[in-house]
Amino acid sequence: GEVVFLDLTMPEMDGFQLLEAMKAENLKSFVFVISADVQPEARSRVLDLGAMDFIKKPINAAKLKESLIHFGLI
């Protein structure tokens, strides 16, 4: 997908693993991580792995819109 909203907690592989796989495959998507795991290490790691932004759950509509505008998606 061109735009992916990704949670870190998933049943088969976690969001970190998916970001690593996407990076290894050189897949180009705008990935926004949506997670309740707001530890600074988690945020830093997903951004290092290529995520565009880290948005805290529950989603704040204004923050999401701001991020989408920032990256030219709306």
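Which side chains are joined by a polar contact of 3.0 Å? They are those of Asp53 and Lys63. A polar contact here is a pair of N or O atoms within 3.5 Å; within protein, one must be able to donate a hydrogen and the other to accept it, and residues adjacent in sequence count only if both atoms are side-chain atoms. This is a predicted model, in which local features need pLDDT of at least 70 and side-chain atom pairs count only at pLDDT 80 or more, while totals for chains, interfaces and linings use all residues. Residues are numbered from 1 along each chain as its sequence is written, and side-chain values use heavy atoms, with hydrogens and water left out.

The side chain of Asp53 also makes a polar contact of 2.8 Å with the side chain of Ser67. Asp53 counts as buried because its relative accessibility is 8%; buried means under 20% relative accessible area, exposed over 50%, and partly exposed in between (1.4 Å probe, protein chains only). Leaving aside neighbours within four places in sequence, the residues in contact with Asp53 (heavy atoms within 4.5 Å) include Val31, Phe32, Val33, Arg43, Leu47 and Phe71.

Asp53 belongs to strand 3, residues 53-56. Helices (H or I, at least four residues) and strands (E, at least two) are DSSP runs, numbered from the N terminus.

Strand 1 and strand 2 run parallel and are joined by 4 bridges. Val3 has Phe30 of strand 2 as its bridge partner, and Phe5 stands opposite Phe32 in strand 2. Another 4 bridges join strand 2 to strand 3, also parallel, with Phe54 in strand 3 as the bridge partner of Val33. Strand 2 is largely enclosed by the rest of the structure, because 5 of its 6 residues are buried.

How are the strands connected? Strand 1, helix 1 and strand 2 make a right-handed β-α-β unit. A crossover is right-handed if, with the strands pointing away from the viewer, the path from the first strand over the helix to the second runs clockwise. The crossover from strand 2 through helix 2 to strand 3 is right-handed.

The largest nonpolar core has 12 residues, among them Leu6, Phe16, Leu19, Val31, Val33, Val46, Leu49 and Phe54. Such a core is a set of buried Ala, Val, Leu, Ile, Met, Phe, Trp, Tyr and Cys residues joined through side-chain atoms within 4.5 Å. Helix 1 (15-24), strand 2 (30-35) and helix 2 (40-48) each give two or more residues to this core, and the largest share, 3 residues, comes from helix 1. Apart from this core lies another, of 5 residues, including Phe32, Ile34, Ile55 and Leu64.

Terms used
Two strands pair if DSSP finds at least two bridges between them.
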